[in-house]
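Work through the following exercises with the sequence and the model in view. Each task is followed by a solution in steps.

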Amino acid sequence: MTLQLTSPAWQDYTLLDSGGERKLERFGPYHLIRPEPRAIWKPVAPPEDWHAAHAEYLPAEMGGGGEWHFRQTLPDRWPLQYRNLKMWAAIEDSRQVGIFPENAAHWDWIEDRVRAAEPGCEVLNLFGYTGLASLAAARTGAVVTHIDSSRRAITLGRENQALNDLNDRPIRWIVEDAARFAEREVRRGRRYHGLILDPPKYGLGPNRERWAFSENFDHLCTILRDCLTEQPAFIVVTAYALESPPEILRPGMEILTRGLGGRLELGTLTALERSAGRKIDLSITARWSA
Ligand SMILES: C[S@@+](CC[C@H](N)C(=O)[O-])C[C@H]1O[C@@H](n2cnc3c(N)ncnc32)[C@H](O)[C@@H]1O
């Protein structure tokens with residue numbers, strides 16, 4: 001059975017409407033329009049709702065990238081909350097806004113796994129971005145190592161930690177290439193009880209190390225197998241924009257969990273639209289628990 005994970009508990013985020021390969025979203029008091037290639041249907045909300053959006057991210061005609069077009073003034077950043085986890089939303093150069101709302105389903109699951117694990121369990125979060133999964137783990141008692149190649153993402157992560165008054169919690173924030181860091185941890189003999197992986201389709205390390213999901217994921221799992229304790233507690237993987245079914249994560253997960261038994265679930269992180277109840281699968285995911 002394929003999981004379709006939604007995040008219904010959001011108060012500060014809503015997928016309002018979608019269509020024409022775009023989506024209209026509410027991030028707190030602000031409405032934003034971003035590209036959504038999977039929304040091939042027609043919008044349902046009245047056009048004035050779309051026109052009233054505060055900003056729209058327009059992808060470039062040719063090649064990647066694009067830019068934001070502002071229709072009203074937006075603050076540099078503004079606070080949002082999921083349950084009682086606080087976070088900064090901020091318009092980035094890319095179409096990102098500092099949060100992947102669909103990941104909230106994972107934050108809840110990670111908290112439950114950490115609570116069920118031994119006190120002080122060690123968690124490694126690779127491709128961690130602005131750190132919400134790391135904060136979810138740390139605030140429930142984990143010792144967290146957070147890796148991202150972007151210095152800006154790490155800065156935002158630290159600011160989210162401060163926003164939640166969690167500066168007393170043990171989180172190592174490290175700017176590094178995910179694979180390079182994992183190789184070093186194996187050499188150091190450091191072992192983790194929990195693993196969080198959220199790789200992009202393509203990415204660059206701080207020294208321009210190339211990351212391509214289709215070429216590097218299974219190999220990274222081979223390295224990370226030696227970063228796990230003998231009895232790990234959980235592993236969660238999310239992958240974006242792959243246009244592939246969750247099944248493609250199975251080989252990597254089997255490398256990571258060989259001989260461990262436990263439970264493996266494959267599926268998608270899915271957003272549910274308010275206007276017409278249509279679902280958009282935003283990423284594929286795999287979860288393993290002891
Ligand atoms: C999809 S985002 C992660 C989203 C995040 N997990 C979340 O829930 O908010 C992918 C992240 O991978 C980082 N990244 C890309 N290439 C990398 C690499 N080679 N090593 C480490 N991080 C990398 C990017 O800076 C970006 O923050």
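Two strands pair if DSSP finds at least two bridges between them. Strands are DSSP runs of E with at least two residues, numbered from the N terminus. The model is predicted: local features need pLDDT of at least 70, side-chain atom pairs count only at pLDDT 80 or more, and totals for chains, interfaces and linings use all residues. Residues are numbered from 1 along each chain as its sequence is written, and side-chain values use heavy atoms, with hydrogens and water left out.

**Exercise 1.** Determine in which sense strand 3 and strand 4 pair, and describe the turn.

*Solution.* Step 1: take strand 3 as residues 22-27; its pairing with strand 4 is antiparallel, over six bridges. Step 3: look at the connection, a hairpin with two residues between the strands. Gly-28, in the turn, has a positive phi of about 65°.

**Exercise 2.** Follow the pairing from strand 4 to strand 5 and on to strand 6.

*Solution.* Step 1: strand 4 and strand 5 run parallel and are joined by two bridges. Leu-32 has Ala-55 in strand 5 as its bridge partner. Step 2: strand 5 (residues 55-59) pairs with strand 6 over five bridges, in the antiparallel sense. There, Glu-56 faces His-69 of strand 6.

**Exercise 3.** State the strand order of the sheet and name its edges.

*Solution.* Step 1: the order is 2-3-4-5-6, an open sheet of five strands with mixed pairing. Step 2: strand 2 (13-19) and strand 6 (66-70) are the edge strands, each pairing on one side only. Five of the six residues of strand 4 are buried.

**Exercise 4.** Which residues are closest to the ligand, and how much of the ligand does the protein bury?

*Solution.* Step 2: list polar contacts (pairs of N or O atoms within 3.5 Å).

- The Asn-103 side chain places an N or O atom 2.7 Å from a ligand oxygen.
- The Asp-177 side chain has an N or O atom 2.8 Å from a ligand nitrogen.
- Ala-178 contributes a backbone N or O atom, 3.0 Å from a ligand nitrogen.

Step 1: with accessible areas from the Shrake-Rupley method (1.4 Å probe), the ligand alone exposes 610 Å², of which the protein buries 91%.

Notes. Polar contact = N/O pair within 3.5 Å; in protein donor to acceptor, adjacent residues only side chain to side chain. Helix = DSSP H or I, 4+ residues; strand = E, 2+ residues; numbered from the N terminus. Buried < 20%, exposed > 50% of the residue type's maximum accessible area, 1.4 Å probe, protein only.
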